[in-house]
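Here are some notes to go with the model you asked about. I have kept them as numbered points so that you can follow along in your viewer.

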Amino acid sequence: MSLRELYQEMIIDHGKSPRNFGKLDHASHLQVGHNPLCGDRLVIYIEENNGIVDKIRFEGTGCAISVASASLMTEAAMGKSVQEVENLFSRFHQLVTTGETMDDLGKLVVFAGVAAFPIRVKCATLPWHTLKAALRSSSNDSVSTE
Ligand code: ZN
């Protein structure tokens, strides 16, 4: 199996069986993200304690790229500081726009191929933009109306 096929398999796997999928009942941050170009719509839930992303989950619907990206993002962000998550997003953004891989991206390198499909870049970065907005929102924004 080529590296490219392996990457595709991983995206298909996470797209079909996303990790950390569902709500967080005691989220300190919650944000809805929408990509109208593709129809992806995700909600990111975070439990942040002392600047650390203690728990992160997501739910929503979207194409395989956006769901797989959200799934792998939750795995990558869990346990990291807010600053580390923002740094990781900058590098991930570089990866999906230029295709340049970097050692510290771990499994996220599977999205390197997205760089060849500019319209898919928004699908891959939607969860990250949503996560960043969630972390920057105050806890008050996250009050659920349910
Ligand atoms: Zn999409």
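**Notes on the model**

1. Asparagine 20 is found in the loop between H1 and E1, where helices (H or I, at least four residues) and strands (E, at least two) are DSSP runs numbered from the N terminus. Asparagine 20 has a positive phi of about 55° although it is not a glycine. For context, most residues other than glycine have a negative phi.

2. Before going further, please keep in mind that this is a predicted model, in which local features need pLDDT of at least 70 and side-chain atom pairs count only at pLDDT 80 or more, while totals for chains, interfaces and linings use all residues. Residues are numbered from 1 along each chain as its sequence is written, and side-chain values use heavy atoms, with hydrogens and water left out.

3. Which residues hold the zinc ion? The donors are Cys38 (SG), Asp40 (OD), Asp40 (OD), Cys63 (SG) and Cys123 (SG), at 2.2 to 2.6 Å. Donors here are N, O and S atoms within 2.8 Å of the metal (3.2 Å for Na, K and Ca), and because water is not among the atoms, sites may look incomplete. Along the sequence, the spacing of the donor residues reads C-x1-D-x22-C-x59-C.

4. The classes are buried under 20% relative accessible area, exposed over 50% and partly exposed in between (1.4 Å probe, protein chains only).

5. The open sheet has 3 strands in the order E1-E2-E3, with antiparallel pairing. Strand E1 (29-35) and E3 stand at the edges with a single partner strand each, so one side of each is left without a neighbour in the sheet. From one strand to the next the twist averages 20°; for such angles, axes are lines fitted to C-alpha atoms, for helices over the stretch in contact, and angles run from 0 to 180 degrees between N-to-C directions.

6. Strand E2 is mostly covered, with 7 of its 10 residues buried. E2 pairs with E3 in the antiparallel sense over 9 bridges, and 7 bridges join E1 to E2. Two strands pair if DSSP finds at least two bridges between them.

7. What sits in the turns? E1 and E2 form a hairpin with 4 residues between them, and glycine 39 in that turn has a positive phi of about 95°. The E2 and E3 hairpin has 2 residues between its strands, with asparagine 50 in the turn at a positive phi of about 50°. Asparagine 50 is not a glycine, and at 81% relative accessibility asparagine 50 counts as exposed.

8. Lastly, a look at helix H1 (residues 3-16), which holds leucine 3. At 52% relative accessibility, leucine 3 counts as exposed.
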